[in-house]
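Trainee: Hi! Could you walk me through this one?
Mentor: Happy to. Have a look at it, and then ask away.

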Amino acid sequence: MLRITVEPVANEVRLKLEGDLTGAWVRDLEESWRSVRSGGRSPTLTGLDLTGVTRVDDAGRYLLALIQETGAPIVASGCAMKALLESIARDWPARPAAPPASLRR
């Protein structure tokens, strides 16, 4: 089971996770993440709090890599979760943003 708490502050939102980021629960996080990101004037995702997460499967790891790639900070505690985030950063390094079209040749 995964509990996702949306913590809004002004025009920003932090998602706090508690439980297992596995199986069907990965889809729930993806839906929450996408709903925060869509809508133009909707709040921006300022972070993902994994301090209450106990397990992450391969699908969850991949989704965390996608979220990390957007630049949203991810906070974790405990050796296992910190090691997971380090492995994601190593395996899927954040890509630099493309230069604006006006600077491309």
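Trainee: Let's begin with Leu 15. Which residues does Leu 15 touch, not counting residues up to four places away in sequence?
Mentor: Leu 15 touches Ile 4, Thr 5, Val 6, Leu 29, Ser 32, Trp 33, Val 36, Leu 45, Gly 47, Leu 48 and Asp 49. Contact here means heavy atoms within 4.5 Å. Before we go on, this is a predicted model, in which local features need pLDDT of at least 70 and side-chain atom pairs count only at pLDDT 80 or more, while totals for chains, interfaces and linings use all residues. Residues are numbered from 1 along each chain as its sequence is written, and side-chain values use heavy atoms, with hydrogens and water left out.

Trainee: Thanks! Where is Leu 15 placed?
Mentor: In strand E2, residues 12–21. Strands (E, at least two residues) and helices (H or I, at least four) are DSSP runs, numbered from the N terminus.

Trainee: And is Leu 15 buried or exposed?
Mentor: Leu 15 counts as buried because its relative accessibility is 0%. The cut-offs are under 20% relative accessible area for buried, over 50% for exposed, and partly exposed in between, using a 1.4 Å probe and protein chains only.

Trainee: How far apart are Leu 15 and Ile 4 in space?
Mentor: Their C-alpha atoms are 6.5 Å apart, and in sequence Leu 15 and Ile 4 are eleven residues apart.

Trainee: New topic: at what angle do H1 and H2 pack?
Mentor: At about 15°, with the axes of H1 and H2 9 Å apart. The axes are lines fitted to C-alpha atoms over the stretch in contact, and angles run from 0 to 180 degrees between N-to-C directions. H1 is therefore roughly parallel to H2, a label for angles under 35 degrees; over 145 is roughly antiparallel, 65 to 115 roughly perpendicular, and the rest oblique.

Trainee: Which residues make that contact of H1 with H2?
Mentor: H1 brings Val 26, Leu 29, Glu 30 and Trp 33, and H2 brings Ala 59, Gly 60, Leu 63, Leu 66 and Ile 67. By class, there are seven nonpolar, one polar and one charged. Ala, Val, Leu, Ile, Met, Phe, Trp, Tyr, Cys and Pro count as nonpolar, Asp, Glu, Lys and Arg as charged, and the others, Gly among them, as polar.

Trainee: Tell me about Ile 67. Where is Ile 67 found?
Mentor: In helix H2, residues 58–69. Ile 67 counts as buried because its relative accessibility is 0%. Beyond residues up to four places away in sequence, Ile 67 touches Leu 29, Trp 33, Leu 45, Leu 48, Ala 72 and Ile 74.

Trainee: And how do H2 and H3 cross?
Mentor: At roughly 65°, with the axes of H2 and helix H3 (residues 79–91) coming within 10 Å. H2 and H3 are therefore roughly perpendicular to each other. The contact is made by Arg 61, Leu 64, Ala 65 and Gln 68 of H2 and Leu 84, Ser 87, Ile 88 and Asp 91 of H3.

Trainee: Last one: how many helices and strands are there in the protein chain?
Mentor: Three helices and four strands, running β-β-α-β-α-β-α from the N terminus on. Of the 105 residues in the chain, 32% count as buried.
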